Amino acid sequence: MVFRRLGFLCLFFTCCRPSFSQNLVKDEASKKYAYKSNKFQYTEFSNFVNGFAFVNKGKKYAFVNTHGDTLCPFEYNLVQSFNEIGLSLVGKDSLWGLIDSLNQVLLPFQYQEAYFETPNCVSLFNGQYWQIAEISGQG
């Protein structure tokens, strides 16, 4: 009974939030995606989370916004979606770092593991020990 209620709430939320999928097209022959264009260039396209989706071209990832604009060059080999305050854990050469929605590096790419504990708190492992970093507002 509780499960059905939760399922209904999830379905209701999904139906009522804005959908950007009508602008996403997949070419079945090449298995590539196009967003707001007829250029099938992405081999992977995530759901939009907080206004951004991560996309893959070859072996590298970048982010696009809901207008189809690319946030950054295709330079990351590890990505997580942006969180609710505009931060994303991304990786280069299999080491994690942290960027904001302007692609500014907030934590350098030197961690073997990284996880959000809260929207502004990250657990980081550098190969020897764990540490916690709290990200405060800029300015």
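The legends below accompany several close-up views of a predicted model.

In this predicted model, local features need pLDDT of at least 70 and side-chain atom pairs count only at pLDDT 80 or more, while totals for chains, interfaces and linings use all residues. Residues are numbered from 1 along each chain as its sequence is written, and side-chain values use heavy atoms, with hydrogens and water left out.

**View 1. Overall composition and confidence of the model.**
The protein comprises 1 helix and 12 strands, where helices (H or I, at least four residues) and strands (E, at least two) are DSSP runs numbered from the N terminus; along the sequence they follow the pattern α-β-β-β-β-β-β-β-β-β-β-β-β. The mean pLDDT, the predictor's confidence in each residue on a scale from 0 to 100, is 79, and 71% of the residues reach 70 or more. Over residues 1–18 pLDDT stays under 50, and the model has 0 contacts beyond four places in sequence for this segment, a contact being a case of heavy atoms within 4.5 Å. Where pLDDT is low, the predicted coordinates should not be read in detail.

**View 2. The largest nonpolar core and the surroundings of valine 79.**
A nonpolar core is a set of buried Ala, Val, Leu, Ile, Met, Phe, Trp, Tyr and Cys residues joined through side-chain atoms within 4.5 Å, and buried means under 20% relative accessible area, exposed over 50% and partly exposed in between (1.4 Å probe, protein chains only). The largest such core has 18 residues, of which Phe45, Phe63, Val64, Tyr76, Val79, Val90 and Ile99 touch the most other members. Strand S4 (52–57) and strand S5 (60–65) each supply at least two residues of this core. Leaving aside neighbours within four places in sequence, valine 79 is in contact with Phe54, Tyr61, Phe63, Leu89, Val90 and Trp96.

**View 3. The open sheet of strands S6 to S9.**
Four strands form an open sheet in the order S6-S7-S8-S9 with antiparallel pairing, two strands being paired if DSSP finds at least two bridges between them. Strand S6 (78–79) and strand S9 (105–111) are the edge strands, each pairing on one side only. Strand S7 (residues 87–92) and strand S8 (residues 95–100) run antiparallel and are joined by 6 bridges; here glycine 91 has tryptophan 96 in S8 as its bridge partner.

**View 4. The hairpin of strands S11 and S12.**
Strand S11 (residues 121–125) pairs with strand S12 (residues 130–134) in the antiparallel sense over 5 bridges, and leucine 124 stands opposite glutamine 131 in S12. The hairpin has 4 residues between the strands, and glycine 127 takes a positive phi near 105°.

Rings of Phe, Tyr and Trp (its six-membered ring) pair if their centres lie within 6.5 Å, with planes under 30 degrees apart counted as stacked, over 60 as edge-to-face and the rest as tilted; a search of the whole structure finds 7 aromatic pairs. Phenylalanine 54 and tyrosine 61 form an edge-to-face pair, 5.8 Å centre to centre with 75° between the planes, and both residues are buried. Phenylalanine 125 and tryptophan 130 form a tilted pair, 5.1 Å centre to centre with 35° between the planes. Phenylalanine 125 counts as buried because its relative accessibility is 16%, whereas tryptophan 130, with a relative accessible area of 44%, is partly exposed. Phe52, Phe63 and Phe82 form one aromatic cluster.
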